[in-house]
Amino acid sequence: MRSYRELFRTPEFTPFLLTFAAYSAAQTISALALGTMVYRLTGSPLLSSVSMFGPQLAQVLGATFLLSGADRLPPRATLTGMSFAYAAVTAALALPGLPVAAVFGVVVLQGLVASLGGGVRGGLLNEILSKDGYVLGRSVFNMANGLMQVIGFATGGALLTVLSPRSCLLLAAALYTASALGTRLGLTARPPRAAGRPSVAATWRTNAFLWSSRPRRLTYLGLWVPNGLVVGCESLYVAYDPHAAGALFACGALGMFAGDVAVGRLVPPALRPRLDIPLRLLLAAPYLVFALRPPVALAAACMTLAAVGFAASLVLQERLMSLTPDELSGHALGLHSAGMLTMQGVGATLAGSVAQLTSPARAMTLVAAASLAVTLSLATAARRERRLPAPAPAPAKP
């Protein structure tokens, strides 16, 4: 599958994409509104960045205890319930007089609710599309996410000049509700991909199986760590320039959109595997300019260029799917999503802590340098792996 026409003719792809777009727009608007609200209340770069990306930290709990549900729960009902739950907790954040400690309690609850989302969506997309259509379909989802982030951050930034953050949170709750209704009405009810009930034991057993392969481990680390550290840089946009934060986030989303278009549609499949390391280096390198504390226009250009590197995830997800049994695709993608989002939360916390001690610009520079170091280390490990003798046959699937 090499054309958008074929992709959008695939049954259920379009309604699935539209409901995801509404979900992504809601997430974008609510994150900017929440980060702005916490920054106004506390004046803390650390608390502002953690409030925006804190739900990701709770993903590690989902990956540890809940992830077996990604393949063992019916996907339509799960996604519908998650969107309704997100609408409820986002509306709770808009309650007047909610203490900052309670805000962070709700943020943790958001992360727990969302912990199954990446696996359920990824597994369902793998079912809806043929094998040769996964990368193109995933790139369109990433493009939709990037476009909704451009619109969401630009709209959210504009709304925050005339509305309170709490009013913007209520708008996001309404978008989550629309996503839930669209999922329920637009998708077909499907049975779970794997037999058995979700359980902690099944989650641990499958996680252990997925982690047992060195090529999969290196792929997961490449998906998680460089990405998470650069998102830590992004989490400081509000602290770097509170008045231009919406525009800076929109520029980053525009760069991500461009990268996904190029890699998903224009790059030949034979060339894609060679791009993961250059794209991961591009993801972090432009942030080194922040050592000079550039003006907003130059900062926006650097952020746009860096975000093109997020397309490395398409290459690495394709590699992950080639290394994973079909019946575990949802769990494998869920582990990727949960690990990536957890590392984004870690990156936001790390960057916010460094900014608290130094400055947002200095923190971005240091965290970006760490991302580059991790990418180069993983590239060295991958080269060593290719030189090793062929591995023994994979162990039996759980």
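Me: Which residues make the nonpolar surface patch?
Reply: This is a predicted model. In it, V60, L61, F65, L66, V108, L109, L112, V200 and W204 form a nonpolar surface patch of about 720 Å².

Me: Which helices supply at least two residues of that patch?
Reply: Three helices do: α4 (59–65), α7 (100–114) and α11 (200–211).

Me: Where is W204 found?
Reply: W204 is in helix α11.

Me: And how does W204 count, by relative accessibility?
Reply: W204 is partly exposed, because its relative accessibility is 48%. The cut-off for exposed is over 50%.

Me: Now the inside. How many residues are in the largest nonpolar core?
Reply: The largest nonpolar core has 98 residues. Those with the most contacts inside it are F13, F16, V103, W224, Y287, F290 and M364.

Me: Which helix gives the largest share of this core?
Reply: Helix α2 (residues 13–42) does, with 13 residues.

Me: Which residues does W224 touch?
Reply: Leaving out residues up to four places away in sequence, W224 touches W211, L335, H336, G339, M340 and M343.

Me: What about a second core? Which residues does it include?
Reply: There is a second, separate core of six residues. Among them are L279, A311, A312 and L314. As a general point, nonpolar side chains in soluble globular proteins tend to be buried together.

Me: Let's look at α15. Which of its residues are buried?
Reply: Helix α15 covers residues 276–284. D276, L279, R280, L283 and A284 are buried there.

Me: What does D276 pair with in a salt bridge?
Reply: D276 meets R319 through their side chains, at 3.6 Å from N to O. D276 lies in helix α15 and R319 in helix α17, so the pair ties together parts that are 43 residues apart in sequence.

Me: Is D276 buried or exposed?
Reply: D276 is buried, with a relative accessible area of 5%. R319 counts as partly exposed, at 29% relative accessibility.

Me: How many salt bridges does the structure hold?
Reply: Five.

Me: What does E318 form a salt bridge with?
Reply: E318 pairs with R272, and their closest N and O atoms are 3.1 Å apart. E318 lies in helix α17 (residues 312–322), and R272 in the loop between α14 (245–266) and α15, so this pair ties together parts 46 residues apart in sequence.

Me: Is R272 buried or exposed?
Reply: R272 is buried, with a relative accessible area of 4%. E318 is partly exposed, at 28%.

Me: What about R190? Which residue does it form a salt bridge with?
Reply: R190 pairs with E12. The closest N and O atoms are 2.9 Å apart. R190 lies in the loop between α10 (165–186) and α11, and E12 in the loop between α1 (4–9) and α2, so the pair ties together parts that are 178 residues apart in sequence.

Me: Which residues are linked in a network of salt bridges?
Reply: E12, E127 and R190 are.

Me: Stay with E12. What is its phi?
Reply: E12 has a positive phi of about 80 degrees, although it is not a glycine. In general, most residues other than glycine have a negative phi. E12 counts as buried, at 16% relative accessibility.

Me: And R293? What is its phi near?
Reply: Phi of R293 is near 45 degrees, a positive value in a residue other than glycine. R293 sits in the loop between α15 and α16 (296–307).

Me: Is R293 buried or exposed?
Reply: R293 counts as exposed, at 51% relative accessibility.

Me: Last one. Where is N227?
Reply: N227 is in helix α12 (residues 214–234). N227 counts as buried, at 9% relative accessibility.

Me: Which residues does N227 touch?
Reply: N227 touches L283, F310, M340 and Q344, not counting residues up to four places away in sequence. M340 is also touched by W224, and L283 is one of the buried residues of α15.

Conventions
Residues are numbered from 1 along each chain as its sequence is written. This is a predicted model: local features need pLDDT of at least 70, side-chain atom pairs count only at pLDDT 80 or more; totals for chains, interfaces and linings use all residues. Side-chain values use heavy atoms; hydrogens and water are left out. A nonpolar core is a set of buried Ala, Val, Leu, Ile, Met, Phe, Trp, Tyr and Cys residues joined through side-chain atoms within 4.5 Å. Buried means under 20% relative accessible area, exposed over 50%, partly exposed in between (1.4 Å probe, protein chains only). Helices (H or I, at least four residues) and strands (E, at least two) are DSSP runs, numbered from the N terminus. Contact means heavy atoms within 4.5 Å. Patches are made of residues with over 30% relative accessible area and no salt bridge: like charges are joined within 9 Å, nonpolar side chains (Val, Leu, Ile, Met, Phe, Trp, Tyr) within 5 Å. Accessible areas come from the Shrake-Rupley method with a 1.4 Å probe; for residues, only the protein chains shown count as cover. A salt bridge is a side-chain nitrogen of Lys or Arg within 4 Å of a carboxyl oxygen of Asp or Glu.
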